[in-house]
Amino acid sequence: MSRTCGRIGQYVLVLWVAGTLNFALPRLAPGDPVAYVYGGDAQALSERQLAALRETFGLDRSLAEQYAGFWTGLLRGDLGTSVQDSRPVVDVLAERLPWTVALVGTATALAFVLGSLLGAWAAWRRGSKRDAAVTSAVLAVDAMPGFWIAMVAVAVFAVQLGWFPSYGAVALDGQGLGAAGEVVSRMVLPVATLALAGIGGFFLLARAAMVGVLDEPFVRLARAKGLRESRVAVVHGLRTALLPVFTNLALAIGALLSGAVVVETVFAYPGLGSLIFEAVTVRDYPLLQGAFLLVTVGIVGANLLADLAYPLLDPRLRRVRAPRGTQLRQVVVRG
Amino acid sequence: MTRRSRRLAGLGLGLLSALLLVALTAPWLAPYDPTVRVGVPFARPSAAHLLGTDDVGKDLLSGLIHGARVSLLVGVVAALSATVLGSGVGIVAGYARGVVDTVAMRLVDVVLSLPVLPLTIVVGVFAGPGLRTQIFVIAGVLWAGMARELRAQVLSLRERDHLQALLAMGARPWHVLPRHVLPAVAPLIGPQFVLATKTAILLEASLAFLGLGDLTRASWGTMLSLAHARSAFLTDAWLWWVLPPGLAIATTVLAFGLLGHVLEERTRPGLRDRPAAPRRDVPVSAPVVDTVDAALVISQLSVRYGDVLVVDGVSLTVAAGELVGLVGESGSGKSTIAGAALALLPAGATVSGGGVRVCGQDLTNASPAALRALRGNRVALIPQEANSALNPVLTVGFQLAETVRAHRPVGRAAVRARALELLGQVGLDPDRVGDYPHQLSGGMRQRVVIAMALAGDPEVLVADEPTSGLDVLVQADVLDLLDGLRTRLGLAMLVVSHDLPVIERVADRIAVLQAGRLVEVGDTATITTVAAHPCTQALLASAPRLRLPAGQVRR
């Protein structure tokens, strides 16, 4: 259990750093912090108006007071007001979040399944021409920037071939079943692009893990038992090789969320990613900071879920019945 | 380095040299100044403008050529800063340990947990767009991974004897670090730097695409950003405005990736792939022409690893109900013979002469399907070190059951009954059927692999060092169990061991192997009392108990 506690401590630390970064950046950046919190053209304001604004946002108080105020606000869910929308940042984020969850969730699942299966297959055939071909192709795709894949996908599949719509997540006038179909067809390209951009990490990890597992004595014994090659590959090879890949799943979600920023932007998909882009373009600082915090919380949440799920997959991490005569203890294999 | 690695490294280096050349000669190579209007806006490709022009009439080809400068500059400088910072922190943390290490590694973990792109965006927006911002934020996220990597290396380096000796003598850090630590970890820093450059270039492109690059300079990311803003991908313009910069980024990143991959492989040989075992486990060679009708017949068997002959013309038979001990020092080829008895040689080993017959069936030219039907069914293996031979994430019962089912179409209940029966046969509590291997003791695990070997009712059992890693009392138990099973089930048993005194208790006959050749074969009593060969005498003398060298004392 101490392992889980340590992890939770780590996550609290991450959230604290992310929050503090949000507090510090407007105050460290060049210029008057008021400009960042107010968002509008601060230079057009008179000194009296600036002073009033400082008071409103509490910028005239001591740094310690401001910091305390910042955290009490944050814990109450107050992320400030979006400059562009004049609405609470929380509301804007809540509107965008589901789209990104759907997009990144589907893409992660797709990239995980395809990447690990392909990687395990390449390891099974390691050293062959087909392995070399697949591995080179994956490395090449992995070298492409996600936003570029997105732009090419729009150009080819939406504009030239006209297979999918290229813009947004919902049809403007859709209703009922047709609207649901629209939502799905508008998801195809962004999901495919994001999955393609994320497949490389899973592939390389699964391939390396599978290569290692195939050299294990238990794989040799599986053959010595007369098991079918397919069973040796799947039950003994893949099942075991997937553990380190799954360990990396939470980290990969972080990478895919990064990818979502640029991919959503190209597809004008109404998620958090394009929100970050819009906030950058109009320099909506409170919105940008709120989105950054939310993404960080998302990654921490994914990590926590993964931590809780590991023992289900790896029996060595479970609280177990120890050999008779010894005391009950937790067996920890990985540090 | 393998030929393939050399080719990949050559490809990476070639691409990088070409890019570097383009970047250095850009002002002369590019037909126009990429920051100046030289044509009509949105011009299609023509002789004057090979890649057309952008929305204000700047030449796109010139932008592409000049873009190499920005990508390489930002990539290399950011990666260099990250490398210096990361290796510094990693080396100091690993060397100092204690509080310094804890604090540094917590920080590293935090940086690695933050979302890379949103973090760089947030910091970048506040710092204002530009090359310096890009370098700063990219280095700010990339150092952490390196620090973690190098710390692990320094920690393990610190455990080495020569460093322990230096530290024990009270050597000061400013002596140890530059002279002993840095040279040892330096080869690791190279590939880390190259791989960081690759990530930095991709990040630079993303930042520039989001409008956080230096807008006054042409870079691949800003070109794509403009193409996006002007919706170039909605027209044919994507062919000359969108494709080339993206391909340039991908090529550069791939070149760094290939080079880094090969460098990393070279510094850590463990990463190198060994080739997969050949599809046919036993290569074709002369079939065994042997008329001896024993359960296991090994005749004139030769095995080589590449050019090295590890088994040289070994002939040995094991009849039903007989237990033959095959002894020899480590490296004498005895485990290779055990593997050959099931046509399961390690990758890289090939049968170069002779062969093996099991129950009258020649393994040399058997099809994979025929081999599968034999293995576990007529000839079974008891592997060495049951701990690693059992799959750690599957229960004992599951691994037993799949062995039972591999050769007989039986129902669920029958499989379970058989698994429990097998556990009983090797003296294990049937309650253990749902346990995972790590929940069992070493002796129990050994019994489980013996039960698995019995699952298919084989005629021949090959035990490869069945008692290694067990304590003396458990060793005796396991050997007695094997001996009892041999008698009860009439098995032909070949037991491989380096421990002659242990095996002599149960073996009917003993074969002594030295450097791939059989030097003595005979009845156990004969071998242990009148052993003539020095190798046999040496093996006898290695007895872990008080005893005069055999040959001097006649019992």
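This is a predicted model: local features need pLDDT of at least 70, side-chain atom pairs count only at pLDDT 80 or more; totals for chains, interfaces and linings use all residues.
View 1. Helix α3 of chain B covers residues 60-96, and helix α4 of chain B covers residues 98-113. Their axes come within 7 Å and cross at roughly 140 degrees. α3(B) and α4(B) are therefore oblique to each other, since only angles over 145 degrees count as roughly antiparallel. On the α3(B) side, the contact is made by B:Val89, B:Val92, B:Ala93, B:Gly94 and B:Ala96. On the α4(B) side, B:Gly98, B:Val100, B:Asp101, B:Ala104 and B:Met105 take part. Sorted by class, the contact of α3(B) with α4(B) has 7 nonpolar, 2 polar and 1 charged residues.

**View 2. B:Thr216 lies in a loop of chain B.** The loop runs between α8 (173-209) and α9 (220-229) of chain B. B:Thr216 has 9 C-beta neighbours inside 10 Å. A residue is exposed if that number is 12 or fewer, so B:Thr216 counts as exposed. B:Gly128 is 88 residues away from B:Thr216 along the chain, and 14 Å separate the C-alpha atoms of the two.

**View 3. Chain B is divided into three domains, two of them built from separate stretches of sequence.** Domain 1 takes in residues 3-40 and 49-271. Domain 2 consists of 276-378 and 459-547, while domain 3 spans 385-457. Taken over C-alpha atoms, the centres of domain 1 of chain B and domain 3 of chain B are separated by 51 Å.

**View 4. Chain A has 13 helices and 0 strands.** Along the sequence, the pattern of chain A is α-α-α-α-α-α-α-α-α-α-α-α-α. Of the 335 residues in chain A, 42% are buried. Among contacts in chain A with a separation of 6 or more, 68% are between residues 24 or more positions apart.

**View 5. Chain A and chain B meet in a contact that takes 65 residues from chain A and 64 residues from chain B.** Several helices of chain A each supply at least two residues of the side that touches chain B, including α1 (2-28), α6 (129-142), α7 (146-160) and α9 (217-224). α10 (229-247), α11 (249-267), α12 (272-282) and α13 (285-313) of chain A also each supply at least two. The largest share of this side of chain A, 8 residues, comes from α13(A). By class, the side of chain A that touches chain B has 43 nonpolar, 10 polar and 12 charged residues.

Key. Residues are numbered from 1 along each chain as its sequence is written. Chains are lettered from A and ligands numbered from 1 in the order in which they are written. Two residues are in contact if their C-beta atoms, placed from the backbone, lie within 7 Å. Helices (H or I, at least four residues) and strands (E, at least two) are DSSP runs, numbered from the N terminus. Ala, Val, Leu, Ile, Met, Phe, Trp, Tyr, Cys and Pro count as nonpolar, Asp, Glu, Lys and Arg as charged, and the others, Gly among them, as polar. Axes are lines fitted to C-alpha atoms, for helices over the stretch in contact, and angles run from 0 to 180 degrees between N-to-C directions. Angles under 35 degrees count as roughly parallel, over 145 as roughly antiparallel, 65 to 115 as roughly perpendicular and the rest as oblique. Domain bounds come from an automatic or database domain assignment. A residue is buried if 20 or more other C-beta atoms lie within 10 Å of its own, exposed if 12 or fewer, and partly exposed in between; C-beta atoms are placed from the backbone.
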